[in-house]
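Please look through the structure below with this briefing beside you.

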Amino acid sequence: MATTATLTIASTDIAGDPVTVSKQATLTKAGSSNDLDQSTGLNRVHLRSVTQKTLLAANAEGNDLAAKVYIINKSDDASLYITVAINAQTTGKLYGGDFMFIPWSQTDTDASIKVAATNWTSSTGDIPVEYALFHEDTDFLTNA
Amino acid sequence: MATTIAQLTLTSSDLLSDNLAISTAATLTGAGNSTGLTQSSGLTRRKMTAANAAAIQAGVLYRAGDYTANASNKFYVKNMSTTAAEFFTVTIDQEEIGRLYAGDWMFMPWNATSGTKRVGTVTIAGTWAAGDTWEFDGITMTAADSTTANIAAQIDALNYPNWTTTFVATESTIIFTERYASSGSYTELVTADGALNTAGNGTANISSAAVGSKSESDISIRPSVHTGMTYETILIHE
């Protein structure tokens, strides 16, 4: 059940010579070569809250297990961003079109992934966000 | 303006009952605008080792104080190990983000929220003589003459490992600003932090202008074994 994630970062002009980073990872369970075998599938929500909303609720049973999270801000407006936080730690902002792909340690139930449409107003329109979780073992939906 | 494109493809033919194919490309731009990011750390590679398992330490990948806060920074890290059980733990400040097992990589935005830096002002006064010394942060200034403004200029011209300086020519004060806001237990900068050796009654009093606060989003990485693990990383930033 191989799931692969491939990232390419390319620029011809950010440095004096072209930059190309291209890597593929096969998503496996923690400490093994067995493939991750569970996924939430691709989800889509429309954010209209300047306060944090839980996108993925941490499951303490997932601690020490492998989990990968993909999140993308699907807004076409470059100025509209979502602020991503894990527990109380703000990690960064995803502007329109930006994505992230990270491993996720659910060290405890506080380690939920939260998002906020920080600069949303009623006139900006909703911010569409898509996300997917690839994981092993536990059924996250029962903990949502 | 530079153009840098990050492209992600997630595929699986057998995870679900139908094919999974997610593909997206993002042009990396500044915060809230369409101007391409123009700065990069370049792709770097480092092997982390320790004498034994108990001696494993986390290393700082990127210090928030070195980059623009609340900007559209992006970083990538990959665990280059081929041993499945070996992982790096990636942490922002004190929050564990996740583990990168062998071959895993991550790509994410980074706020680079720093703390505030400690600041102090050194005032050169009294009667100095050529040959008098003042030591601070392990760096020693030896006065070339007795003029306080010249001595202040000499102090400003030196390079301090943990501090930067600001100096206005003809004045006898130097403002010291700590390079990193990295400690949660800052105390005021005081005169005793410097060591003065003067033949006259010269003084180099320090007054504290600000007590710092710790950095809030340094990125750290910690290997799971001490025998040597290698990672690669790149930061693209404003």
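## Where the two chains meet

The bridge partner of Thr8(A) in S1(B) is Gln7(B). The model is a predicted one, in which local features need pLDDT of at least 70 and side-chain atom pairs count only at pLDDT 80 or more, while totals for chains, interfaces and linings use all residues. Residues are numbered from 1 along each chain as its sequence is written, and chains are lettered from A and ligands numbered from 1 in the order in which they are written.

- S1(A) and strand S1 (residues 4–12) of chain B pair in the antiparallel sense over 9 bridges, where two strands pair if DSSP finds at least two bridges between them, and where helices (H or I, at least four residues) and strands (E, at least two) are DSSP runs numbered from the N terminus.
- The contact takes 53 residues from chain A and 52 residues from chain B, with two residues in contact if their C-beta atoms, placed from the backbone, lie within 7 Å.
- On the side of chain A that touches chain B, S1(A) gives the most, with 9 residues.
- The residues of that side of chain A divide into 28 nonpolar, 20 polar and 5 charged; here Ala, Val, Leu, Ile, Met, Phe, Trp, Tyr, Cys and Pro count as nonpolar, Asp, Glu, Lys and Arg as charged, and the others, Gly among them, as polar.

**Ala25(B) in its strand**

- Ala25(B) lies in strand S2 (residues 20–27) of chain B, and, leaving aside its neighbours within four places in sequence, Ala25(B) is in contact with Ile5(B) and Gln7(B).
- Ala25(B) counts as partly exposed because it has 13 C-beta neighbours inside 10 Å; a residue is buried if 20 or more other C-beta atoms lie within 10 Å of its own, exposed if 12 or fewer, and partly exposed in between, with C-beta atoms placed from the backbone.

**A helix with one buried face**

- In helix H1 (residues 148–157) of chain B, the residues Thr148(B), Ile151(B), Ala152(B), Ile155(B) and Asp156(B) are buried.
- Seen down the axis of H1(B), these buried residues fall within an arc of 140°, so they line one face of the helix; the arc is that of the directions from the helix axis to the C-beta atoms.
- The strands of chain B against which the buried residues of H1(B) pack include strand S10 (119–125) and strand S13 (163–167).

**Two loop residues with positive phi**

- Most residues other than glycine have a negative phi.
- Asp93(B), although not a glycine, has a positive phi of about 55°; Asp93(B) is in the loop between strand S7 (87–92) and strand S8 (95–101) of chain B, and is partly exposed, with 18 other C-beta atoms within 10 Å.
- Ala112(B), a residue other than glycine, also has a positive phi, near 55°; Ala112(B) is found in the loop between strand S9 (105–110) and S10 of chain B, and is buried, with 27 other C-beta atoms within 10 Å.

**A sheet of three strands in chain B**

- An open sheet of 3 strands in chain B has the order S12-S11-S15, with antiparallel pairing.
- S12 and strand S15 (194–197) of chain B stand at the edges, each with a single partner strand, so one side of each is left without a neighbour in the sheet.
- S11(B) and S15(B) pair in the antiparallel sense over 4 bridges, and the bridge partner of Trp134(B) in S15(B) is Leu196(B).
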